[in-house]
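Here's a quick tour of a protein model, written for someone meeting it now. Take a look at the sequence and the structure, then read on.

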Amino acid sequence: MKITIIGTGYVGLVTGTCFAEGGHEVTCVDSDVNKVKVLQEGGMPIYEPGLAGLVQKNVAAGRLAFTSSTQEGVERSEVIFIAVPTPALPDGSVDLSYIESVSRDIAAGMTGYRIVVDKSTVPVKTGEKVAETIKRYGKPQLEFDVVSNPEFLREGFAVEDFMKPDRVVVGVSSQRPVAAMQEIYAPYQAPVIITDINSAELIKHAANSFLALKISYINAISVLCEASGGNVQEVARGMGMDSRIGGKFLEASLGFGGSCFPKDLSAFIHIAETLGYNFGLLKEVQRINSAQMDRFVKKISDTLWIVKGKSLGVLGLAFKQNTDDVRNSPAIELCQRLQAAGARLRVHDPQAMEKAGAILKEVTYVADMNEVAEGCDALIIATEWPEFKRLDLERVRRGLSHPIIFDGRNLFDPAEMERLGFLYKSIGR
Ligand code: UGA
């Protein structure tokens, strides 16, 4: 099938590449001429495990091409995916101006029937607006269908999530685009849920908000564990083995971040408000999340007494493992708060140091994770990169002027750390 993807950010590039890998003929469009040039020359604008190899393979096979011309993309394919950013506005609502302008460009470029699929995360009822816009700006006789097809990709696991999805959600307002959508997703062997457009749009925000709620729930339990002597990992294990609850997304942490959960929570609260519902439950999810960071910072300052003038090593800058993305990263927020309190920082991240460099100034970037604690008063773990579990703890202990570790991701066994001579403070244990 011929497919065009408009927008080559995380979602668009992964989607386009994985469609090509599934055998489709894909054109990826981006208005950023430099990004298109990088991709055409075989470069990668982002780090995402497994993606670079798939891009190269599918470009070489002639199934994947990049252009900065929307017109060209719209002419080339019958099915056009919109995967442009939908950033947050200061009041928590969603800026839909990119969606609107792409809808107009599609309308202007249409030469026959088109299926316009929205993959960007948008408020419920956006599909109706996209349809209205295409109708208003397109030639009167041209037919089209609007489809909602939200993405559920996790950064760092996006290729894996795309190739083996739990489900594919397709929201339609008529039967006409259904066969094409089923054909597009046939290579991925996942249940395809056909529903109405409003429900599909709601599924995305409802799913992300529920996952954020699960994290805040376990973070709230971590407070009770610390106050009572329980172990949050044991509680999560015992809860998660109930198949109605499930064990995933029950890892207590210094709070969730990234470009999705914080933004989607605010958006969903705002959407609910416009629909006349006060989503107090989700406001509490936000409150617990920021309180979790406050508690972690307090744990550090309570232990060190005075943070000013202390030298601290920080492992992890990305908002989670397997990515170089530092947008809304709890690790960066933590660094900034420690800097504001007067600490000097030595930091390391396996992938995110370049991107962190643009926002985190006056810190020492250390290339080797085992050297980050050198001469520091304490070491802090802020991101759950799997390689941090293989830290040379003996060397870290020798390097630290005091053997103190604050672990915001519960990577190590507290008893073992004590045996190794560390004062080890983690979350909810
Ligand atoms: C999230 C969803 O998981 C995807 O399904 C969705 O498609 C995506 O948002 C999106 O809307 O585009 P992502 O933001 O990439 O994906 O990252 P997650 O793996 O969900 O992690 C989000 C945050 O929660 C991270 O800061 C992570 O460290 C934290 N987290 C996650 C926890 O603190 N505890 C957990 O148990 C799980």
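In which helix is A207 found? A207 is found in helix α9. Before going further, know that this is a predicted model: local features need pLDDT of at least 70 and side-chain atom pairs count only at pLDDT 80 or more, while totals for chains, interfaces and linings use all residues. Residues are numbered from 1 along each chain as its sequence is written, and side-chain values use heavy atoms, with hydrogens and water left out. Helices (H or I, at least four residues) and strands (E, at least two) are DSSP runs, numbered from the N terminus.

- Setting aside neighbours within four places in sequence, A207 is in contact (heavy atoms within 4.5 Å) with F152 and R167.
- A207 and D264 sit 57 residues apart in sequence, and their C-alpha atoms are 9.9 Å apart in space.
- Helix α10 (residues 232-240) has V232, A236, M239 and G240 as its buried residues; buried means under 20% relative accessible area, exposed over 50% and partly exposed in between, using a 1.4 Å probe and protein chains only.
- What do they pack against? The buried residues of α10 pack against α9 (197-228).
- On the face of α10 turned away from the buried side, you'll find the exposed residues R237 and G238.

**Two helix pairs**

- The axes of helix α5 (residues 97-109) and helix α6 (residues 126-137) come within 8 Å and cross at roughly 40°. Axes are lines fitted to C-alpha atoms, for helices over the stretch in contact, and angles run from 0 to 180 degrees between N-to-C directions.
- α5 and α6 are therefore oblique to each other. Angles under 35 degrees count as roughly parallel, over 145 as roughly antiparallel, 65 to 115 as roughly perpendicular and the rest as oblique.
- α5 passes α6 in a right-handed crossing; a crossing is right-handed if the near helix is turned clockwise from the far one by less than a right angle, and left-handed if anticlockwise.
- On the α5 side the contact is made by I99, E100, S103, R104 and A107, and on the α6 side by T126, V130, T133, I134 and Y137.
- Sorted by type, the residues of the α5 contact with α6 come out as 5 nonpolar, 3 polar and 2 charged. Ala, Val, Leu, Ile, Met, Phe, Trp, Tyr, Cys and Pro count as nonpolar, Asp, Glu, Lys and Arg as charged, and the others, Gly among them, as polar.
- Helix α1 (residues 10-21) and helix α3 (residues 51-60) pack at an angle of about 50°, with axes 9 Å apart, which makes α1 oblique to α3.
- α1 passes α3 in a left-handed crossing, and the contact involves L13, V14, T17, A20 and E21 of α1 with L51, L54, V55, K57 and N58 of α3.
- That α1 contact with α3 has 6 nonpolar, 2 polar and 2 charged residues.

**Two strand residues**

- S148 lies in strand β6 (residues 144-148) and counts as buried because its relative accessibility is 3%.
- Not counting residues up to four places away in sequence, S148 touches D118, V169, V170, G171, I197, A200 and E201.
- F406 is in strand β13 (residues 404-407), and at 0% relative accessibility F406 counts as buried.
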